[in-house]
Amino acid sequence: MQQKGWSIFFGAILLGAFLLFAVAPFVGWWLPANVSTFGPDVDRLFYIILGFTGFFFVLTGAILVYAMYRFAWRANTKSHYVEGNHRLEIAWTVVPAIILLFIAVSQISTWDTIKYYASMPNPDLVMQVTARQWDWSMRYADKPQPDNARAWAEVPAIDDIYLPSELHCWKGANVRIFLKTQDVLHSFFSPQLRLKQDALPGKTIPVWFNATDANTSYNAKTGKWDIDKNKRWEIACAELCGGGHYRMQGMIYVHENKEDYLKWLDGAKEAARSRQPEKKPPAVAKN
Ligand SMILES: [Cu+2]
């Protein structure tokens with residue numbers, strides 16, 4: 001009897017874990033809100049894979065608990081092993097192969113939309129992001145679309161604006177980021193934009209997104225651009241990159257429209273100019 005008790009205990013824990021998982025979407029422990037045009041496609045893939053893995057998790061868990069209960073240890077009985085059953089072996093090879101093939105085919109169009117350079121929409125806004133130990137350096141051109149964006153991404157221009165860890169764009173804009181790293185591997189990750197891309201040393205990798213919602217507005221009292229408290233969209237580094245990995249946190253500011261973005265850009269230019277070092281006074285000749 002004691003043996004059967006363990007199987008019930010084990011089964012109850014598995015069931016509890018499953019129920020926690022099942023109620024999660026209804027109590028807010030689920031995916032963060034999507035604010036990306038291609039987000040629904042990414043989520044669809046997530047649910048396809050979750051469906052397969054969830055189904056087999058429940059199936060194998062149930063069989064395991066049943067077998068533990070039904071065949072709990074008894075004296076003088078010998079276990080029976082299945083060996084060399086070709087039908088069974090073919091089945092557990094063919095079924096996973098079909099599932100993997102199905103997943104491979106169903107992700108093609110999503111991968112094409114998000115990752116292929118040729119499929120990326122023409123950008124309304126171009127920026128260049130450099131990951132480094134341990135923050136994100138965002139580089140903005142003095143206008144949303146620099147001439148020859150690809151070349152601009154490689155060579156800094158004199159009137160560029162640098163901001164650590166603040167990504168600004170506007171709602172509905174096709175944003176193209178040229179992603180680089182200054183040192184080791186990093187990974188640009190925005191859960192709300194459903195976007196993740198590794199940054200590889202020596203490479204400039206194009207990334208794009210289009211935000212469907214705004215979170216930033218001008219606060220006339222403070223003269224600053226504020227983020228809606230309920231819409232804090234962080235950028236995280238998703239590649240363990242050293243001791244300060246946890247600090248690689250950026251923030252996404254989606255302005256309501258292009259006018260707001262340009263207004264912010266003007267302010268950022270002004271602030272950048274005021275940060276310029278003063279002209280050095282002429283050296284005093286020493287006697
Ligand atoms: Cu990192």
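Two strands count as paired if DSSP finds at least two bridges between them. The model shown is predicted.

**View 1**
Strand 9 covers residues 216-219, and strand 10 covers residues 224-227. The two run antiparallel and are joined by 4 bridges. T216 has its bridge partner in strand 10: I227.

In general, sheet strands pair through backbone hydrogen bonds, in parallel or antiparallel fashion.

**View 1. Strand 2 beside strand 3.**
Strand 2 spans residues 135-140. Strand 2 and strand 3 run antiparallel, with 4 bridges between them. Follow M138 across to strand 3: its bridge partner is L163.

**View 2. S165, between strand 3 and strand 4.**
S165 lies in the loop that links strand 3 to strand 4 (166-170). Its phi is positive, near 65°, in a residue other than glycine. Most residues other than glycine have a negative phi. Within 10 Å of S165 there are 16 other C-beta atoms, so S165 is partly exposed. The partly exposed class falls between the exposed limit of 12 or fewer and the buried limit of 20 or more.

N148 is in the loop between strand 2 and helix 5 (149-154). This residue, too, is not glycine, yet its phi is positive, near 45°. Is N148 buried or exposed? N148 has 11 C-beta neighbours inside 10 Å, so it counts as exposed.

**View 3. The cis peptide bond from Q133 to W134.**
Most peptide bonds are trans. The bond from Q133 to W134 is cis, with omega near 0°. Q133 sits in the loop between strand 1 (125-132) and strand 2. W134 is found in that loop as well, between strand 1 and strand 2.

**View 4. The surroundings of Q133.**
Which residues touch Q133, leaving aside neighbours within four places in sequence? They are D183, V184, C241, G242 and G244. Take G242: Q133 and G242 are 109 residues apart in sequence. In space, their C-alpha atoms are 7.5 Å apart. Q133 is partly exposed, because 17 other C-beta atoms lie within 10 Å.

**View 5. H80, between helix 2 and helix 3.**
H80 has its place in the loop between helix 2 (39-70) and helix 3 (86-106). H80 has 6 C-beta neighbours inside 10 Å, so it counts as exposed. How far is H80 from H186? The two are 106 residues apart in sequence, and 50 Å apart from C-alpha to C-alpha.

**View 6. Where domain 1 meets domain 2.**
Domain 1 is assigned to residues 2-73 + 86-114, and domain 2 to residues 122-275. Their C-alpha centres lie 36 Å apart. To the contact, domain 1 gives 9 residues and domain 2 gives 11 residues. The domain 1 side has 5 nonpolar and 4 polar residues. No charged residues are found on that side.

**View 7. The whole chain, for orientation.**
The chain's secondary structure comes to 6 helices and 12 strands. Its radius of gyration is 27 Å, well over the 19 Å from the globule rule for 287 residues, so the chain is more spread out than a compact globule. Along the principal axes, the C-alpha atoms fill a box of roughly 105 × 50 × 40 Å. Buried residues make up 18% of the 287 residues. Of the contacts with a separation of 6 or more, 71% come from residues 24 or more positions apart.

Terms used. Residues are numbered from 1 along each chain as its sequence is written. This is a predicted model: local features need pLDDT of at least 70, side-chain atom pairs count only at pLDDT 80 or more; totals for chains, interfaces and linings use all residues. Domain bounds come from an automatic or database domain assignment. Two residues are in contact if their C-beta atoms, placed from the backbone, lie within 7 Å. Ala, Val, Leu, Ile, Met, Phe, Trp, Tyr, Cys and Pro count as nonpolar, Asp, Glu, Lys and Arg as charged, and the others, Gly among them, as polar. The radius of gyration is taken over C-alpha atoms; the globule rule is 2.2 Å times the number of residues to the power 0.38.
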